[in-house]
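The topics follow in short groups.

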Amino acid sequence: MVAIMWIILFLVSLPSFGQKTENFYNVDQEIRIEGKIQNIVMEPRYKDKSPFLIVTLEEKDTKKLYTVEISPAGFFDQDFHKGEHLAVTGSLTSSGEMENNIIAREVQSRGETFILRDKHGFPTWRGGKGLMGRKGKRKGKRF
Amino acid sequence: MARGEGTDGQKGETKRQAFLKKKDLFLFFFVPLLGIIIIFFFLSSINRAYIKSKVEDLVKEQLQATAEILKVNISHFLSENYSSEEIFRFYSGEENIYYMALLDDQKKILGWHSRFEGYLPLSQKDIGERESWTIDSPAGKIFNIFTPFQATDSNTYHIYLGYSLESLEEMIIHSRRNFFILFGIIVGIGIIFFFGIFQLQNHFRQKEKEAETERREKERYKEISAFTSGIAHEIKNPLNSLALLFELLAKKMPDEFRQDISLGSGEVKKISRVIDHFSASLKPLELKKEKFSFKGLIEDIQGSIIKEEVEIHYEEEGEVVLLADKGLLSQALLNLLQNSLEATDSGEIRVQAKKFRKNILITVQDSGKGMSEEEIKNIFDPFFSKKKDGMGIGLYLTKKIIESHEGKIECESRLGKGTSFFIQIPGG
């Protein structure tokens, strides 16, 4: 019983806000990389938010590995596959434990472009009147 | 079925009016309306821009005040050794704060909080140049402030704040909506108002034209009347002398010449009668109105015209009492009935009368030969007659009498079926 109380106390005392400093979209650190998908996972990135689709990308020239944060997994309806080519424009937020982490703003795959954030990093899935979804050959499927 | 009326329109005049209508529509309707719309739009835009600017100033002031309060509070929390995460937790419930960050004196982020995943639009470019600025986001305009403060530990910190301008946006949307509603109302009222003015102006102009035409017609008629009366008078005097001469000749001449003299005398009398009718038709009518029963009037007329083969039936709805010139109306109806009797070999003539509002509607319907369309067109013209010995004055005078009572007369006819005259006369 005492143990349960400690657990509850621990959970309550957890900050509901205050992500790691490196984990915001830094507009001054925008880069574009292209490479092959090495791994695809879903993992929580922000407190009290849905898990994100995370892609590990091997940069085609340097062979360096990048962790690309796409969007909440439920929001993204495109299937990625290992070995597939991907071009990402986003903010490089590497520091400390999150080495070579990229928050994606725009993803290009199989001739389609997916707009995930606006130029300031506002997430598309949070609505508003901004550009939403994909542009390219395929049309009509809402993203 | 052919139909004739007392008045005719002129095509040329109608075309000219249609042309003026288009021009006037532009001058009296579109130009003033467009002017009002432009002025309204211009003033409204200035007003909205002014309000927007004022509200933005107010919001900025409010935000700066909020930032000042935050500085004091955060400074206090820092002195109490609260972590940046814990500090931001206190402000996480603030709906108007979209994001905030705490930075050290080197402008390195110590901690941050955002309502949106990974959204902290802080650029070093913005920091260096100004203390406050706004950015557009899909969630609306966000007011940004970046300001330094000194904590109680003497260290310099910076606070970065993104403040929602939702209330301002809502107000602008509300203002815009009100503008369009007002704009629509003004346009609607303008259309109704100017259309009304245009119609009124058009109506007055048309009436003015009619009055002018009528005045000219009257003047012309007066001139012709004076001229023809003079001629009639000049003819009548020698005719009277001629008639006396024939009478003297008839007394003095032997019997074998009397038939010829009688024929000559008859012709002179005929000419004299024509001139009398002509003079009568030219004289302006002076009405002496009185109240009388229409039924009595018809009975009097029926007594003076009899044709055995033709029956005259009179019907009325309720008692029809008229306020009119009895003598003139009697003459008008006598002319109509005589015409109907002459056109009907056998059968009946129906006369109907009824009161309708303040008018009396009279119908004279025969089952005679009827008339062609061409005849109907000219039936009320002076000196138009189908009869060999007719002078064509009767129906002209009838129309004149009815119109002098401010009434109107129409005629419908079918060849071989009969003719109907419809009279509407006020004074019921």
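Val107(A) has Phe114(A) as its bridge partner in β6(A). In this predicted model, that pair belongs to the antiparallel pairing of strand β5 (residues 101-109) of chain A with strand β6 (residues 112-115) of chain A, which four bridges join. The two strands form a hairpin with two residues between them.

- In the turn between β5(A) and β6(A), Arg110(A) has a positive phi of about 50 degrees.

**Overall make-up of chain A**

- Chain A contains one helix and seven strands, and along the sequence these follow the pattern α-β-β-β-β-β-β-β.
- Of the 143 residues in chain A, 27% are buried.
- Among the contacts in chain A with a separation of 6 or more, 49% are between residues 24 or more positions apart.

**Strand β1 of chain A and its partners**

- Strand β1 (residues 30-43) of chain A pairs with strand β4 (residues 85-92) of chain A in the antiparallel sense, over seven bridges.
- Within β1(A) and β4(A), Ile31(A) has Gly90(A) as its bridge partner.
- Strand β1(A) is also joined to strand β2 (residues 52-59) of chain A, by eight bridges, and these two strands run antiparallel.
- On the β2(A) side, the bridge partner of Ile37(A) is Leu57(A).

**The open sheet of chain B**

- Chain B has an open sheet of five strands in the order β3-β2-β6-β5-β4, with antiparallel pairing.
- Strands β3 and β4 of chain B stand at the edges of this sheet; each has a single partner strand, so one side of each is left without a neighbour in the sheet.
- With direction ignored, neighbouring strands of the sheet are turned by 15 degrees against each other on average.
- Strand β2 (residues 97-103) of chain B and strand β6 (residues 156-164) of chain B pair in the antiparallel sense, with six bridges.
- Opposite Ala101(B) stands Tyr160(B), a residue of β6(B).

**The contact between chains A and B**

- The contact involves 23 residues of chain B and 23 residues of chain A.
- On the side of chain B that touches chain A, the elements that give two or more residues are α2 (84-91), β3 (109-114) and β4 (132-137) of chain B.
- By class, this side of chain B comprises ten nonpolar, nine polar and four charged residues.

Methods. Residues are numbered from 1 along each chain as its sequence is written. Chains are lettered from A and ligands numbered from 1 in the order in which they are written. This is a predicted model: local features need pLDDT of at least 70, side-chain atom pairs count only at pLDDT 80 or more; totals for chains, interfaces and linings use all residues. A residue is buried if 20 or more other C-beta atoms lie within 10 Å of its own, exposed if 12 or fewer, and partly exposed in between; C-beta atoms are placed from the backbone. Two residues are in contact if their C-beta atoms, placed from the backbone, lie within 7 Å. Ala, Val, Leu, Ile, Met, Phe, Trp, Tyr, Cys and Pro count as nonpolar, Asp, Glu, Lys and Arg as charged, and the others, Gly among them, as polar. Two strands pair if DSSP finds at least two bridges between them. Axes are lines fitted to C-alpha atoms, for helices over the stretch in contact, and angles run from 0 to 180 degrees between N-to-C directions.
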